[in-house]
Each structure stands twice: as structure tokens, then as C-alpha cells.
Amino acid sequence: MLLYVLKEDVKEVGDSNNTELKNTKGVPVLNYHFVYKPEEETCNQEICHPESQFRTHLSFIKDNGYFTPTMEELERRIREKIEIDTK
């Protein structure tokens, strides 16, 4: 399950000691801020991607055999319980 925390709800930020730094290196993350349908709406944010571009990116990842772990698989990798494909 993913949970989202709003910036204004964060009261304090502290250091975490539950992850080994060496396990967090080398895991690329693809992050999209806003995806929109140009034929139905406009995007007034700084970082926007039309839906067609987003779909092209996802198709590239799938067609080229990239492994996309679930959040549970990623957490298990960070805790050194499983290996993740290098691609």
C-alpha cells in the first residue's frame, strides 16, 4: 500500500537508521510529477508530460525488458533479502 503525505502535514524530519546506504545505491527511480491529456486539459505546472509521452516511456521500459519492482520487492532488496535484476 502506498501512502501519500502532504508537505504541510510534516511536523518534523529526522534521520532514519533502518536502511544501509550501500543498498540504496544503484536503484533508478522514474518519477512523473504531472501527466495530462492535452485534448482535455492543460497543465500549468512546471513539470508536465502529455499522456502520450508517458505511455511511450512505459512502453520503452516494458519492451526493453526492464524490471519494475513492487514497493515490497524494493523494500526487500534494500534490506538485502532478495536480489533485483540489474536492468
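**Packing and links in the predicted chain**

With a relative accessibility of 25%, F54 counts as partly exposed, where buried stands for under 20% relative accessible area, exposed for over 50%, and partly exposed for what lies in between, with a 1.4 Å probe and protein chains only. The model is a predicted one, in which local features need pLDDT of at least 70 and side-chain atom pairs count only at pLDDT 80 or more, whereas totals for chains, interfaces and linings use all residues. Residues are numbered from 1 along each chain as its sequence is written, and side-chain values use heavy atoms, with hydrogens and water left out.

The chain contains three helices and two strands, taken as DSSP runs numbered from the N terminus (H or I over at least four residues for helices, E over at least two for strands). Read from the N terminus, these elements follow the order α-β-β-α-α. Of the 87 residues in the chain, 8% are buried. Where contact means heavy atoms within 4.5 Å, 23% of the contacts between residues at least 6 apart in sequence join residues at least 24 apart.

Helix α2 spans residues 51-63, and its 13 residues reach 18 Å from the first C-alpha to the last, close to the 18 Å expected at 1.5 Å a residue; the expected span is 1.5 Å times one less than the number of residues in the helix. Just after α2, G65 adopts a positive phi of about 70°.

An α-helix has 3.6 residues a turn, so residues three or four places apart point the same way. E51 is partly exposed at 23% relative accessible area, whereas R55, at 53%, is exposed.

Two aromatic pairs are present in the structure, a pair being rings of Phe, Tyr and Trp (its six-membered ring) with centres within 6.5 Å, counted as stacked when the planes are under 30 degrees apart, as edge-to-face when over 60, and as tilted for the rest. One of them joins Y32 and F54, whose ring centres lie 4.9 Å apart with planes at 85°, so the pair is edge-to-face. Because Y32 lies in the loop between α1 (21-24) and β1 (35-36) while F54 belongs to helix α2, the pair ties together parts that are 22 residues apart in sequence. Y32 is buried, with a relative accessible area of 18%.

The loop between α1 and β1 also contains V29, which is exposed at 68% relative accessibility. V29 and T68 are 39 residues apart in sequence, and their C-alpha atoms are 9.7 Å apart in space.

The chain also carries one disulfide, a term that denotes a pair of cysteine sulfur atoms within 2.5 Å. This link joins C43 and C48, whose sulfur atoms are 1.9 Å apart, and with -60° about the S-S bond it is left-handed. C43 is partly exposed at 22% relative accessibility, and C48 is likewise partly exposed, with a relative accessible area of 21%.
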